[in-house]
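This report describes selected sheets, helices and a loop residue of a single model. The sequence and structure are shown first, and the description follows.

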Amino acid sequence: MKTLMILGAGIYQVPLIKKARAMGLRTLVVSIPGPYPGFAEADKVLYLDTRDGDGILSAARSERIDGIMTTGTDVAVRAIGRVCDALGLPGISAEAARTVTDKALMKEAFRRGGVPTADFRIVRCESEAFDAAEAIGYPVMVKACDVSGSRGISRVDGPEGIPEAWRHAAAATHTDHLIVERMTQGVEIGLDGFVRDGRIVLCLPHEKCVGRTDRTTVPIGHRFPFEGSEALKTAIRQAFEAIVASCGLNNCAVNADVFVTGRDTVSVIEAGGRCGATTIPELITRHTGIDYYEAMIRCALGEPAAMQPLTAEPCVGRLLMSPVNGTITAVDTARLDALAARGVSVSLDYGVGDHVETMKNGTDRIGQLIVSGADCDRVEALAAEAAACLTIREDVPY
């Protein structure tokens with residue numbers, strides 16, 4: 001029996017763990033201790049920090065793993081690169097992993113490789129952030145470089161906003177630097193694909209639904225297919241090729257955030273060496289007919305994997321978010337069953353008695369829904385219906 005090491009035990013890794021077990025693999029799940037749902041699905045759990053490359057490599061050797069991967073998170077990508085290089089396993093290289101998990105290194109790689117991207121500066125103190133913003137011109141984005149899910153990111157419209165944005169980003173990062181970049185104007189889309197043996201075998205732009213926090217926008221859903229012009233799709237494909245080449249990405253899923261800035265022009269915000277979250281794997285499966293979790297697993301094991309789309313079914317995914325911080329006191333299963341009868345796939349992350357929080361970033365979800373052939377307005381209505389199936393008692397501040 002082959003052993004697959006999966007880094008992370010959160011809600012975005014649960015479908016990956018379940019698929020691996022369904023494929024007859026031994027699942028070795030790595031995470032720090034905590035109330036993570038993936039632990040219950042694993043064959044074996046190792047309580048290690050997914051950033052601990054040395055510890056994970058030692059465990060990988062002793063467990064004689066056949067593959068290593070994650071999905072939906074950047075935190076574990078460097079450790080995956082370390083293990084793949086050391087053990088000769090298929091997957092992202094250590095150098096590529098280092099590049100795409102530090103926004104400063106990534107943006108420098110973009111600039112060298114001709115990836116269309118916004119002007120930026122790397123800064124190491126608040127005064128440098130002021131100077132960078134003045135040089136670039138407001139509005140700007142101040143960003144932590146080593147975290148995902150819209151953490152440590154703020155829009156700043158004038159110099160008075162720099163101190164708070166600096167504190168917010170500095171509190172989120174583990175590095176000694178941040179970036180200040182020009183705020184890109186346009187329509188934000190997502191881009192997911194896969195690179196295998198030096199060849200792009202899947203390239204799927206998709207529309208993005210976003211919510212807004214007090215600091216920035218947060219992805220809360222996606223729609224396939226992307227309905228841009230052929231010229232725009234060509235520009236997106238060329239940008240994807242430049243991302244892959246400039247960052248040295250190979251034998252891994254790729255996820256990127258992109259702005260459409262003109263009729264056939266784009267600007268790349270950032271890219272990751274793993275599959276996106278926020279319903280993306282499930283949507284790729286429904287849209288293309290490819291079992292995307294299975295295909296990614298087979299690639300991590302060095303096995304043949306089908307990556308040729310079989311269909312082009314329109315579909316939309318949407319996260320369910322709580323409007324308040326509170327505790328779930330009831331779930332109306334009859335109403336959820338009625339939604340399922342209408343072709344709406346709803347999955348909940350929490351049940352009665354669980355505490356939930358209102359949206360601050362992409363991890364603050366209470367569930368998700370997937371539906372075929374829906375427009376964004378209909379999905380918003382369905383999400384409201386699904387969220388109404390939960391009764392949440394709001395926390396009362398003391």
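In this predicted model, strands β17, β15 and β19 form an open, antiparallel sheet of three strands, arranged in the order β17-β15-β19. The edge positions are taken by β17 (355–356) and β19 (390–394); each has a single partner strand, so one side of each remains without a neighbour in the sheet. Between β15 (residues 326–331) and β17, the antiparallel pairing extends over two bridges. Within this pairing, T327 stands opposite H355 in β17.

Helix α11 comprises residues 333–341, and at its start a side-chain oxygen of D332 comes to within 3.3 Å of the backbone nitrogen of A334. Just after α11, G343 adopts a positive phi of about 90°.

A further open sheet consists of four strands with parallel pairing, in the order β3-β2-β1-β4. Its edge strands are β3 (44–47) and β4 (67–69), each of which pairs on one side only. On average, neighbouring strands of this sheet are turned by 20° against each other, direction ignored. Strand β1 (residues 3–7) runs parallel to β2 (residues 26–31), and five bridges join the two. Residue T3 has R26 of β2 standing opposite.

Two helices are described relative to β1 and β4. Helix α3 (residues 77–87) packs on the sheet and touches both β1 and β4; the direction of α3 makes about 165° with that of β4. Helix α10 (residues 292–300) lies across β1 and β4 and runs at about 130° to β4.

The loop between α7 (162–172) and β8 (178–182) contains T173. Is T173 buried or exposed? The relative accessibility of T173 is 13%, and T173 therefore counts as buried, since the cut-off for that class is under 20%. Leaving aside residues up to four places away in sequence, T173 touches A144, C145, D146 and L178. One of these residues, D146, also makes a side-chain polar contact with T173. The side chains of T173 and T175 are likewise joined by a polar contact. The table gives the distances of these contacts.

| Side-chain pair | Polar contact distance |
|---|---|
| T173 and D146 | 2.7 Å |
| T173 and T175 | 2.9 Å |

Taken together, the side chain of T173 has polar contacts with the side chains of D146 and T175, while T173 itself lies in the loop that links α7 to β8.

Key. Residues are numbered from 1 along each chain as its sequence is written. This is a predicted model: local features need pLDDT of at least 70, side-chain atom pairs count only at pLDDT 80 or more; totals for chains, interfaces and linings use all residues. Side-chain values use heavy atoms; hydrogens and water are left out. Two strands pair if DSSP finds at least two bridges between them. Axes are lines fitted to C-alpha atoms, for helices over the stretch in contact, and angles run from 0 to 180 degrees between N-to-C directions. Contact means heavy atoms within 4.5 Å. A polar contact is a pair of N or O atoms within 3.5 Å; within protein, one must be able to donate a hydrogen and the other to accept it, and residues adjacent in sequence count only if both atoms are side-chain atoms. Buried means under 20% relative accessible area, exposed over 50%, partly exposed in between (1.4 Å probe, protein chains only).
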